[in-house]
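Please have a look at the structure first.

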Amino acid sequence: MNAIGAIDLEDTDGLLAADRQGLLRASATAGAQVRAVAAAAEEGALDSLQADARPRSVIWVAGRGTAETAGAMLAATFSGVVSQPITVASDAPPWIGPLDVLIVAGDDAGDPALVTAAATGVRRGARVVVAAPYEGPLRDASAGRAAVLEPRLWIPGEFGLSRYLAAGLAALQTVDPRPSIDLELMADELDAEALRNSAGRELFTNPAKTIAARMTGRRVALAGDSAATVALARHGSSVLLRIAHRVVAAAALADAVVALRTAAESGDGGPSSVDALFHDEEIDGPLPERLRVLVLALAAERTVVGARVAGLDEVDVIAAEDVPDVPAGSAGLGGAGGVRISGAGGQRAEQQLAVLAVRLEMAAVYLRLARG
């Protein structure tokens, strides 16, 4: 059953007709956002960050929403890779100075936290990056004394995670070449993910539609087993609430496992898969909603995650590499055929996080559109 509302997930025309706000197009712009940041860096937007010595620390000060999530992902992914610590803070710390790099990120140029942080960083001689609209109070606080990565594409805030990730990655690459970050490759991976999830693709070849279908008739929790994937789970919970108006919990995998085991022992998790198979709604009444946990995992974590959830029902492990191998001639974005998309193995951790973020965002869009 692919119907989760008024419109079936296989009804391409119905989904497109329901998309009166252009949500599918907006959710498919992640690659373009990353490419825009890469172009700005190539044009010299971050040249002021370059110095003979590497910085003492990189400080990420973010507004609410996707900017804050991006900082958490960057810190979790790169703290053990780059030469300097990455700190995520709500304001510029009192010890900031000329040896530090400060990145202020958000979508509101009048946000007092961003304005104050930028002004403090500039006043104390830090190398400042503004990843936000460069106007109003924020511009007044840092004009001529900050590297600017303002957005070049307007999109709704819930789809902005990729831009903030790209801004942070570009800044890290400028001050420390060790990570060997390739934004163009990341943009290509995100474009490929958007193509895989296009409305014209059938459910069994469409990862985003598959996630939307798995949420049907279930209480759902998103879980992660590391700081990066827990941040991703929280992002998924946020976009599902904002876009699909669906309340989905976000938790660490350990908490989700305890909840599943407790529910199974007490019977609160709903009927077992065997009981559900022989359930007759006319005799037994409607089935109660069962708890399903979608575990978001990086490739390096998959073996451990699989072992931790072994033997548990209603658990799906979702990784960026879970990509169907589609034969040539299958419909792609806009109905174009002749595209063969295979697994996404070999991606770096930040690329996997960005791909999964796009997948969750597009799943939220499908849940919204399927209601009609």
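This is a predicted model: local features need pLDDT of at least 70, side-chain atom pairs count only at pLDDT 80 or more; totals for chains, interfaces and linings use all residues.

The crossing of helix 4 and helix 7 is right-handed, a crossing being right-handed if the near helix is turned clockwise from the far one by less than a right angle, and left-handed if anticlockwise. Residues are numbered from 1 along each chain as its sequence is written, and side-chain values use heavy atoms, with hydrogens and water left out.

Helix 4, residues 66–78, packs on helix 7, residues 161–175, at an angle of about 45°, and their axes are 8 Å apart. That makes helix 4 oblique to helix 7, where angles under 35 degrees count as roughly parallel, over 145 as roughly antiparallel, 65 to 115 as roughly perpendicular and the rest as oblique.

Let me turn to the second pair. Helix 3, residues 30–42, and helix 8, residues 183–196, pack at an angle of about 165°, with axes 7 Å apart, and the two are therefore roughly antiparallel to each other. The crossing of helix 3 and helix 8 is left-handed. Their contact, meaning heavy atoms within 4.5 Å, involves residues of helix 3 including Val-34, Arg-35 and Val-37, and residues of helix 8 including Glu-184, Met-186 and Asp-188.

Key:
Axes are lines fitted to C-alpha atoms, for helices over the stretch in contact, and angles run from 0 to 180 degrees between N-to-C directions. Helices (H or I, at least four residues) and strands (E, at least two) are DSSP runs, numbered from the N terminus.
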